[in-house]
Every structure is written in C-alpha cells, then in structure tokens.
Amino acid sequence: MKIGITGGIGSGKSFVCQRLQCRGIEVYDCDSAAKRLMRESEELRQKITALIGPDAYTDGKLNKPAIARYLLSSEEHAQALDAIVHPAVFRDFEDSGMQWMESAIMYESGIYRLVDRVIVVTAPLEIRLQRIMVRDGISREKAMEWVERQWPQDELLRRADYEITNDGETPIDCQLDRLLPLLYPTDM
C-alpha cells in the first residue's frame with residue numbers, strides 16, 4: 001500500500017515524517033526531490049531556463065529567489081513551472097520503490113493518484129505562520145502569501161483519509177500509534 005502525507009506549509013509534515021523515520025518508515029519527500037531534479041536533471045534545467053529565462057540558474061546553480069519570484073508573480077507562471085517539474089517528480093517517486101511520500105501539494109499536483117491512502121497534517125493558522133516565519137526568516141505577510149497559494153486546510157482535511165494534528169500539544173507519536181495499525185493491521 002502506498003501512503004501520502006500532505007498538509008499546508010508550516011503544518012509540520014516534515015516533523016511527522018521524521019517521527020515515521022524513527023519507526024523505520026522511509027518517506028519520499030516530493031519537495032526535496034523537485035529541488036534535486038531541478039538542480040541535477042539536464043532535461044529539467046533546459047526546460048526551466050526556456051520557460052523562465054537565464055536568471056533561473058546562476059553560475060550553474062538553481063536561483064531560488066528568481067524561481068520564487070516567477071512562481072508568485074501569477075497563477076499561470078506557477079502552472080507552467082509545475083507542468084515541467086511535477087511529471088519528473090511522479091516518475092522519480094515511482095522509480096524509488098518507496099511506499100510513503102510527503103507532498104505539500106498532493107491534490108493540486110495530482111500525485112495523490114499514485115497513493116492508496118492520504119494522511120493530512122493539520123495545525124492552527126497562527127502556529128503555521130509562526131513556523132514559516134522562523135524557518136524561512138520572512139515576514140508574516142510573506143508567510144501568509146505562501147499559505148494562500150495552497151489549498152485551504154479544511155479542503156485537504158475533507159479529501160484525506162486520516163488526520164494527524166500537529167498543534168504542539170497533541171502528541172504525534174500517540175497519533176501514529178493509533179494510525180499505523182489501521183494502515184497495516186497485520187504488520188503491527
């Protein structure tokens with residue numbers, strides 16, 4: 001069975017994945033894979049440069065600020081870049097042989113079609129904003145921009161099969177203790 005983990009930016013998906021790793025469950029990180037593929041794949045490099053222009057790469061390295069500006073400038077730009085990167089990530093996940101994946105944009109990207117069950121990690125908006133501001137060293141307004149680019153948490157929750165609450169108070173490990181036997185009833 002293939003399992004997807006999603007949740008809005010700042011919800012704490014990566015923390016949940018770290019807790020899974022402590023249990024011996026390896027999780028494919030779609031965001032890291034996308035960045036790696038954008039850095040290492042010559043095919044992607046050519047397509048991204050053709051789309052964004054020579055500023056996409058500086059001294060042979062991915063120019064993250066230029067990519068972010070392009071992404072945030074319009075929905076059409078985001079869709080154009082996604083149309084290049086998402087299929088490469090889909091192929092890479094399938095080739096990885098891994099059963100678990102983490103993706104902030106599981107539904108938006110369509111990668112949910114590659115998994116059997118989806119877990120959404122949720123957290124209150126204020127906690128999410130604080131996490132983003134601290135992690136990225138950005139303003140509240142910029143953090144909110146990133147939150148608003150993604151689907152609302154309620155919509156993710158409505159579509160998901162399971163929820164893990166990551167509010168800083170509800171113990172993650174206890175939730176995993178209850179969830180994993182539901183996913184693998186004979187293995188636990």
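Residues are numbered from 1 along each chain as its sequence is written, and side-chain values use heavy atoms, with hydrogens and water left out. Because the model is predicted, local features need pLDDT of at least 70 and side-chain atom pairs count only at pLDDT 80 or more, while totals for chains, interfaces and linings use all residues.

**Helix packing**

Helices (H or I, at least four residues) and strands (E, at least two) are DSSP runs, numbered from the N terminus. Axes are lines fitted to C-alpha atoms, for helices over the stretch in contact, and angles run from 0 to 180 degrees between N-to-C directions. Helix H2, residues 30-40, packs against helix H5, residues 75-96, at an angle of about 110°, and their axes lie 9 Å apart. That makes H2 roughly perpendicular to H5, given that angles under 35 degrees count as roughly parallel, over 145 as roughly antiparallel, 65 to 115 as roughly perpendicular and the rest as oblique. On the H2 side the contact (heavy atoms within 4.5 Å) is made by Cys30, Ala33, Ala34, Arg36, Leu37 and Met38, and on the H5 side by Val85, Ala88, Val89 and Asp92. These residues of the contact of H2 with H5 divide into eight nonpolar, no polar and two charged, where Ala, Val, Leu, Ile, Met, Phe, Trp, Tyr, Cys and Pro count as nonpolar, Asp, Glu, Lys and Arg as charged, and the others, Gly among them, as polar.

Helix H4, residues 64-73, also packs with H5, at an angle of about 120° and with the axes 5 Å apart; H4 and H5 are therefore oblique to each other. Ile67, Tyr70, Leu71 and Ser73 of H4 make this contact with His77, Ala78, Ala80 and Leu81 of H5, and the residues of the contact divide into six nonpolar, two polar and no charged.

**Cysteines**

A disulfide is a covalent bond between the sulfur atoms of two cysteines. Here it is taken as a pair of cysteine sulfur atoms within 2.5 Å, and by this rule the count comes to zero disulfides. The sulfur of Cys17 is 9.9 Å from the closest cysteine sulfur, in Cys30, which is too far for a bond.

**Accessibility of single residues**

In the table, buried means under 20% relative accessible area, exposed over 50%, and partly exposed in between (1.4 Å probe, protein chains only).

| Residue | Relative accessible area | Class |
|---|---|---|
| Cys17 | 6% | buried |
| Cys30 | 6% | buried |
| His86 | 14% | buried |
| Glu126 | 38% | partly exposed |
| Ser32 | 41% | partly exposed |
| Asp59 | 77% | exposed |

His86 is found in helix H5, and, leaving aside its neighbours within four places in sequence, His86 is in contact with Ile105 and Ser109. Ser32 belongs to helix H2; Ser32 and Lys61 are 29 residues apart in sequence and 15 Å apart in space, C-alpha to C-alpha. Glu126 has its place in helix H7, residues 125-136, and the C-alpha atoms of Glu126 and Arg140, 14 residues apart along the chain, are separated by 9.9 Å.

Asp59 lies in the loop between strand S3 (57-58) and strand S4 (61-62). Most residues other than glycine have a negative phi, whereas Asp59 has a positive phi of about 50° although it is not a glycine.
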